[in-house]
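Q: I would like to learn how to read salt bridges in a protein model. Can you take me through the charged side chains one step at a time?

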Amino acid sequence: MPTYIISMCQSVSDLLEAALLLKEVGLLDASGPQPLCPVGIVPLFETIDDLHRGASILQALLDIPLYRALVDARGGSQEVMLGYSDSNKDGGYLAANWALYRAELDLVETARNAGIRLRLFHGRGGTVGRGGGPSYQAILAQPPGAVNGSLRLTEQGEVIAAKYAEPAMAHRNLEALLAATLESTLLDVEGLGPDAEPAYAVLDELAARAQRAYADLVHETPGFVDYFLASTPVSEIGALNIGSRPTSRKPTNSIADLRAIPWVLSWSQCRVMLPGWYGTGTAVHEWLDEDAGRLEVLQDLYRRWPFFTSVLSNMAQVLAKSDLGLAARYAELVPDAALRHRVFDKIVAEHGRTIAAHKLITGQDNLLADNPSLARSVFNRFPYLEPLNHLQVELLRRYRGGDDDELVQRGILLTMNGLASALRNSG
């Protein structure tokens, strides 16, 4: 069934504008006793604030008699899309994941009270920083009522080839999606029971602290954008024309305008992997420092709650692929030494805090202890990656120094492709 997705939906008027456009071209007919429209109007909530307000926007939309009649004419079904990429870039890893969970809980309750059927459309990317990770675990980590027999999700980039290039592999992946959908619909996979609200309160606090720590670096540190542009190949991604779209929505250097794919790709190339973990370590340590007994609470949630387990497991996968020794080489590309130390020192400190927090909660020294096959695969690739990183740093230095040799440009492209293929966190 065709849908019209409203990207960056922030208000009811954004949805009504689409309805008016459909009416003007003859696709929405409101002249009869039952308004009809073959195209579903789907809001896409992407930023942290929009996810927080998503349920109230949906409620206000359903309170409009004409729109409610359109929903009833479509079998009482409304689809809502959730954005994983921009919410992460907006508020950081933990805050984005929790905002999505909270948004789903609120949307499910709104739909239930309104007597409509809600289908959630998950706009997941291939990387953890854009909602990636094992799909089976991701579906089981959804809140109660969020699946209810059906869901939609996107598969993007290299994930398509990795999961569906071979018929047998495609069958296995689709079977896993179906199994997870059935389990999430029929079973109490959340498993928190009467402890749900206290658990939600804990994540409310952790997410708020994580977002503040992330904002302190990304949005409030003087010169952060200059550091990002100099220490990563984000400028070359746009200049060398290797993306399907411009790296920014607008011709600015603003992080808010930067598209999520080059944001994640850039941090993975320089081996920082910042979108997949930054802020979590500070949040956990601050929260634990207020009461030593709180560690047992987090350890219990890790054992019992699929959402929390999945968040920490995906974060650990990203941390295992990071290498701050190599990242320091990229930091040397920043000409301002004071800026270099101001930003990179914060990254190093938070990286250590986050690894320590993961160890405290899980009790594991090895970040990939819960996935030994992935650990073997990742560490077998590492010896081949380090030369590519060193080569890329040197080629970036030459390219930015004015060397426009075609071989230099091609070398940058080849190192990007090699690192992206091996890390599988390309964007």
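Q: Which residues are linked in a network of salt bridges?
A: Start with the term. A salt bridge is a side-chain nitrogen of Lys or Arg within 4 Å of a carboxyl oxygen of Asp or Glu. Here E205, R209, E286, E290 and R294 are linked in such a network. One caution: this is a predicted model, where local features need pLDDT of at least 70, side-chain atom pairs count only at pLDDT 80 or more, and totals for chains, interfaces and linings use all residues. Residues are numbered from 1 along each chain as its sequence is written, and side-chain values use heavy atoms, with hydrogens and water left out.

Q: How many salt bridges does a search of the whole structure find?
A: The search finds 20.

Q: Where do D72 and R68 lie?
A: Helices (H or I, at least four residues) and strands (E, at least two) are DSSP runs, numbered from the N terminus. Both D72 and R68 lie in helix α3 (residues 65–73). They are four residues apart, about one turn of the helix. Their salt bridge has its closest N and O atoms 3.1 Å apart.

Q: Which helix holds R397 and E394?
A: That is helix α18 (residues 372–400).

Q: What does the salt bridge between R119 and E79 link?
A: In this salt bridge the closest N and O atoms are 2.9 Å apart. The pair links distant parts of the chain, 40 residues apart. R119 is in strand β4 (residues 117–123), and E79 is in strand β3 (residues 77–83).

Q: What is the nearest side chain of opposite charge to R271?
A: On charge, Lys and Arg count as positive and Asp and Glu as negative; His and the chain ends are not counted. For R271 the answer is D323, 4.6 Å away. R271 is buried yet has no salt bridge.

Q: Where does R271 lie, and what is R271 in contact with?
A: R271 lies in the loop between α12 (260–269) and α13 (280–289). Contact means heavy atoms within 4.5 Å. Leaving aside neighbours within four places in sequence, the contacts of R271 include K321, D323, F382 and N389.

Notes: Buried means under 20% relative accessible area, exposed over 50%, partly exposed in between (1.4 Å probe, protein chains only).
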